[in-house]
Amino acid sequence: MDKVNLAEKFSKFDECWSPKIVGTVNDSHIKVVKLQGEFVWHHHEEEDELFLVIKGRLQMQFRDREVWVEEGEFIIVPKGVEHRPVAPEVCHVVLMEPTSTLNTGNVTNERTVAELEQI
């Protein structure tokens, strides 16, 4: 039952698109990740995802629209919805996802992180 300092967790790494586990709630991981540039189009068959922007801004692209998510805002992407996160500058994001969630969903490529580090 220790508290988590998000600024301290974000200071422990520099790489983008590599989520780190900072906590677990029931069957979901709480992760921190830095984003910059464009990710891959993908979807998750079984998992919803929550993206909470802590620093910077995030554009969540969907096939039919784009949504800007600003600091202090979050967006939930429902399972099965194809999406692509884009961050023009480094963006700090907290993710809340079921423990089964693979960062690239239905796509496997060089950005897939199968084994997550806990910090």
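The model is predicted, with local features needing pLDDT of at least 70 and side-chain atom pairs counting only at pLDDT 80 or more, while totals for chains, interfaces and linings use all residues. Residues are numbered from 1 along each chain as its sequence is written, and side-chain values use heavy atoms, with hydrogens and water left out.

Aromatic pairs. I searched the whole structure and got 2 aromatic pairs, where rings of Phe, Tyr and Trp (its six-membered ring) pair if their centres lie within 6.5 Å, and planes under 30 degrees apart count as stacked, over 60 as edge-to-face and the rest as tilted. Phenylalanine 10 and phenylalanine 13 form a tilted pair, 6.2 Å centre to centre with 35° between the planes, and both residues are buried (buried is under 20% relative accessible area, exposed over 50%, partly exposed in between, with a 1.4 Å probe and protein chains only). Tryptophan 17 and phenylalanine 39 form a stacked pair, 4.6 Å centre to centre with 15° between the planes. This pair links distant parts of the chain, 22 residues apart, with tryptophan 17 in the loop between helix 1 (6-10) and strand 1 (20-25) and phenylalanine 39 in the loop between strand 2 (28-38) and strand 3 (49-55); helices (H or I, at least four residues) and strands (E, at least two) are DSSP runs numbered from the N terminus. Tryptophan 17 counts as buried because its relative accessible area is 7%, and I read a relative accessible area of 7% for phenylalanine 39 as well, so phenylalanine 39 is buried. I noted too that phi of tryptophan 17 is near 65°, a positive value in a residue other than glycine.

Cores. The largest nonpolar core has 18 residues, of which Leu35, Phe51, Leu58, Met60, Ile75, Cys91 and Val93 touch the most other members; such a core is a set of buried Ala, Val, Leu, Ile, Met, Phe, Trp, Tyr and Cys residues joined through side-chain atoms within 4.5 Å. Its largest share, 4 residues, comes from strand 7. A second, separate core of 7 residues includes Phe10, Ile30, Val32 and Val94.

Valine 90. I placed valine 90 in strand 7, and it counts as partly exposed because its relative accessibility is 36%. Valine 90 and glutamine 36 are 54 residues apart in sequence and 4.7 Å apart in space, C-alpha to C-alpha. Leaving aside neighbours within four places in sequence, valine 90 is in contact with Lys34, Leu35, Gln36, Lys55 and Gly56, contact being heavy atoms within 4.5 Å.

Asparagine 26. I found asparagine 26 in the loop between strand 1 and strand 2, with phi near 50°, a positive value in a residue other than glycine. Asparagine 26 counts as exposed because its relative accessibility is 72%.
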